[in-house]
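Thank you all for coming. I would like to walk through one structure this morning, beginning with a sheet and ending with an interface.

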2 protein chains.
Amino acid sequence: MSKSLVWEDKQKGGLAGIDPKYTGALQSKEEIAEETEKLREEFHKLQEKLVAVKDKGIVFIFQGMDCSGKDGVIKHVFSGLNPQGISSYSFKAPTEEEKLHDYLWRAHNKVPALGYIATFNRSYYEDVLITRVHGIVSDKEARRRFKQINHFETYLMDNQVHVVKIFLHISNDFQLEKLRSRIEDPSKNWKFDASDLAERKHWKKYWAYYEEAFEKCSKASPWHIIPSDNRWYRNYAVLKIVVDSMRSLKLNDPEPNPELIKLLDEFKNTE
Amino acid sequence: MSKSLVWEDKQKGGLAGIDPKYTGALQSKEEIAEETEKLREEFHKLQEKLVAVKDKGIVFIFQGMDCSGKDGVIKHVFSGLNPQGISSYSFKAPTEEEKLHDYLWRAHNKVPALGYIATFNRSYYEDVLITRVHGIVSDKEARRRFKQINHFETYLMDNQVHVVKIFLHISNDFQLEKLRSRIEDPSKNWKFDASDLAERKHWKKYWAYYEEAFEKCSKASPWHIIPSDNRWYRNYAVLKIVVDSMRSLKLNDPEPNPELIKLLDEFKNTE
């Protein structure tokens with residue numbers, strides 16, 4: 001993946017400086033069809049190793065404005081895996097029980113076991129975003145949380161749980177169009193939530209708070225910014241990061257059971 | 001509680017410098033009977049406030065060598081509370097599922113909800129003690145964990161969950177006597193575990209690693225060292241710390257429901 005899609009310290013121009021329609025040198029879905037197929041195969045093989053050896057875990061955190069396609073990309077990229085090695089969680093508004101706990105409680109509980117891939121659709125980053133936009137969390141508290149989040153992610157990385165963070169970057173126009181289609185297209189009506197429209201007026205604040213989160217919380221693991229106005233490019237870019245991250249785990253091949261080797265030897269001798 | 005029972009930075013003489021038979025100026029159980037009763041009453045009233053207002057949580061962590069009386073003191077001090085506001089956990093050897101998770105995972109999951117008191121019989125401190133004694137965790141890894149534990153406890157304290165740490169300090173002779181009675185007294189046979197005898201030969205290592213944990217992990221919340229060869233003194237000293245800690249939460253009185261006040265006004269007007 002091009003380095004320009006990893007959030008840099010003091011990113012020039014902020015989110016406004018990254019084009020949500022960016023597709024690099026690529027023009028269309030057809031150009032990447034073959035590579036996509038290869039990446040998928042590699043991903044599935046890497047997962048098999050992870051499930052077999054069980055010495056590492058990995059969690060992919062997806063954040064993005066409403067309509068940025070978090071559900072869609074998770075469905076697209078993580079379908080077809082061995083279900084005994086993947087767990088997916090969608091962090092909605094906290095339940096009554098969750099509200100009575102510290103904000104990392106529910107996320108830590110869902111951190112993958114060794115041998116597992118987890119996807120988080122939203123995460124504890126909401127606790128420095130939507131809560132901050134609505135004044136429930138002060139700037140001071142948000143900054144304290146950035147530190148706590150860095151400690152938490154560093155802790156996970158030090159304890160064999162790799163954290164990968166992905167932001168799906170869309171334009172304001174793209175969101176408007178999506179919301180319109182949810183209103184106008186009867187087959188998409190079920191996705192419509194009036195609060196999404198209300199949140200639109202906070203767009204600038206969201207971007208500013210996202211930028212601060214990216215800047216302050218890239219210590220343990222960087223933020224990947226995925227231009228997402230083109231669905232095919234978004235899916236492709238995320239798949240690449242996912243496979244790269246799986247490769248970076250440097251997974252070992254499962255070792256044969258020593259008892260099996262002994263049995264095989266005995267078996268040979270009886271031949 | 002006497003300040004000398006809080007672990008100091010570079011504690012003079014280490015654990016060997018603290019007499020497990022210490023009872024201060026007190027001679028017997030009878031002298032503290034009245035005060036104990038008063039402390040209990042205060043404790044129960046403070047818990048009622050905690051349950052009603054639900055803006056804070058508190059966890060009491062108990063550590064100590066085998067036979068130091070962790071079960072006994074929890075039973076003695078925390079009996080009689082409103083069960084809807086207390087949760088007690090005993091952290092045994094990790095299950096297969098727990099072994100596949102980071103070492104703080106099971107403890108974080110059991111951190112009390114707001115409005116709750118939790119007692120931990122053993123804790124994540126085992127992950128820098130027994131594992132270290134048996135060479136499963138290296139010195140280097142133990143030191144990394146001290147930092148992680150400090151971050152974790154600081155995080156909890158910053159998020160309205162107060163952490164109180166109590167070490168029950170017994171002598172080697174006291175343990176030997178207890179183990180002997182578990183072997184000789186048929187009514188105590190069920191408590192006997194051969195591994196307790198085996199662990200005795202690591203006594204010095206345990207003390208050294210405990211001392212290091214106290215020194216390195218007193219940042220967010222101090223360690224209380226309770227001389228525990230005398231059961232009555234141990235119970236009394238722990239009760240005092242528990243009540244002091246509850247007081248330090250500065251719990252608010254529950255505020256009357258505004259709707260109730262309105263209803264009462266209406267009720268008065270109809271009289």
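Strand E4 (residues 161-169) of chain A runs parallel to E5(A), and five bridges join the two; strands here are DSSP runs of type E with at least two residues, helices are runs of H or I with at least four, both numbered from the N terminus, and two strands pair if DSSP finds at least two bridges between them. Within this pairing, A:His169 stands opposite A:Pro227 of E5(A). This is a predicted model, in which local features need pLDDT of at least 70 and side-chain atom pairs pLDDT 80 or more, while totals for chains, interfaces and linings use all residues. Residues are numbered from 1 along each chain as written, chains are lettered from A and ligands numbered from 1 in written order, and side-chain values use heavy atoms, without hydrogens or water.

The whole sheet of chain A is open, with five strands in the order E2-E3-E1-E4-E5 and parallel pairing. Strand E2 (86-90) and strand E5 (223-227) of chain A are at the edges with a single partner strand each, so one side of each has no neighbour in the sheet.

Turning to the interface, 23 residues of chain A are in contact (heavy atoms within 4.5 Å) with 23 residues of chain B. How many salt bridges does the rule find across the interface of chain A and chain B? It finds two, a salt bridge being a side-chain nitrogen of Lys or Arg within 4 Å of a carboxyl oxygen of Asp or Glu. B:Asp158 forms a salt bridge with A:Arg144, with the closest N and O atoms 3.6 Å apart.
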